[in-house]
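Hi everyone, thanks for making the time today. I'd like to walk you through one model, so please have a look at the screen while I talk.

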Amino acid sequence: MATRVWLPALLLAFLLASSPFTQVARAQSDSDSEEDAATAEVVEGADLGIVGDDTQVSSDGPLSPAPGVETVCVFPKNAGKIVPAGEETELLVGLQNEGESTLNVVAVHSTLHLPYDHRMYGQNLTVQKFFNASVPVSVQATFPYTFVVSKFLQPGAYDLVGYIVYEIDQHPYQNVFYNGTIEVVEAGGLLSVESVFLITLGIALLGLFGLWAYGQVQQLSKKKQT
């Protein structure tokens, strides 16, 4: 009898624990130590220009980084790197110029890849151009970058590769500021269609368990009266 009573409750606990809601909430509760490491100042006087997703920054082939130029990337208030499909996601690109000449930042762009094969593109993301964005020698600067993942993209883990393009003495260079995994989720918050279904199913099972328990109590009461 005890085994039959606890079986529905255990099934309910398993469904709720395995839902995407739990997984996303856990990812968002990670520490913000990566964000605290971004101490560079945002470049002042730099004009922004948003270009279409399919715009090419350079047609001269792959570019290499310049000596002495280092980059870093931070997702503000988003340590879990959760990206809602169809909504804007902002990140900050930090650049430190320890070279021998002033550099001019031209653009920031990124691409989305399937995690198991970078030769397969998921999406070419926004190209964000900069004007009058110069970084002198021995100066650190931060550049904002906003991108939007297609709302039709299947939720799941993807690899994001971000590039920052700049010029030194009219010669183009490029650094990869981020090459890692992001988690694409359905827009509208933490609750996806799958998690809503699982929660609804759990509530239904809980209701059935309550009816079953009520019937058992009624039967015991009748037996005692007889």
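Let me start with a question: which residue takes a positive phi in the hairpin of S11 and S12? That residue is Asp169, with a phi near 55°, and the hairpin has 2 residues between the strands.

Before going further, a word on where this comes from. This is a predicted model, so local features need pLDDT of at least 70 and side-chain atom pairs count only at pLDDT 80 or more, while totals for chains, interfaces and linings use all residues. Residues are numbered from 1 along each chain as its sequence is written, and side-chain values use heavy atoms, with hydrogens and water left out.

Now the overview. The chain has 4 helices and 12 strands; helices (H or I, at least four residues) and strands (E, at least two) are DSSP runs, numbered from the N terminus. Of the 226 residues, 34% are buried. Buried means under 20% relative accessible area, exposed means over 50%, and partly exposed is in between, with a 1.4 Å probe and protein chains only. The accessible surface comes to about 13600 Å², and 56% of that belongs to carbon and sulfur atoms; these areas come from the Shrake-Rupley method with a 1.4 Å probe, and for residues only the protein chains shown count as cover. As for contacts (heavy atoms within 4.5 Å), take those between residues at least 6 apart in sequence: 75% of them join residues at least 24 apart.

Next, the strands. Two strands pair if DSSP finds at least two bridges between them. Let's go back to S11 and S12: they run antiparallel and are joined by 13 bridges, with Ala157 standing opposite Glu183 in S12. S12 also pairs with S4, this time in the parallel sense over 3 bridges, and there Pro84 stands opposite Val185.

Why do I call S6 largely enclosed by the rest of the structure? Because 10 of its 12 residues are buried.

Val161 is buried, at 5% relative accessible area.

Take Val105: leaving aside residues up to four places away in sequence, its contacts include Leu95, Phe130, Phe143 and Tyr166.

Two of those names bring us to the aromatic rings. Rings of Phe, Tyr and Trp (its six-membered ring) pair if their centres lie within 6.5 Å; planes under 30 degrees apart count as stacked, over 60 as edge-to-face and the rest as tilted. The count by this rule is 5 aromatic pairs. Phe130 and Phe143 are edge-to-face, at 5.2 Å centre to centre with 75° between the planes. Phe130 lies in S8 and Phe143 in S10, so the pair ties together parts that are 13 residues apart in sequence. Phe130 is buried at 5% relative accessibility, and Phe143 is buried at 1%.

Then there is Phe209 with Trp212: the centres are 6.3 Å apart and the planes are at 25°, so this pair is stacked. Both residues lie in helix H4 (residues 193-225), 3 residues apart, about one turn of the helix. Phe209 is partly exposed at 23%, and Trp212 is partly exposed at 25%.

That's my tour, and I'm happy to take questions.
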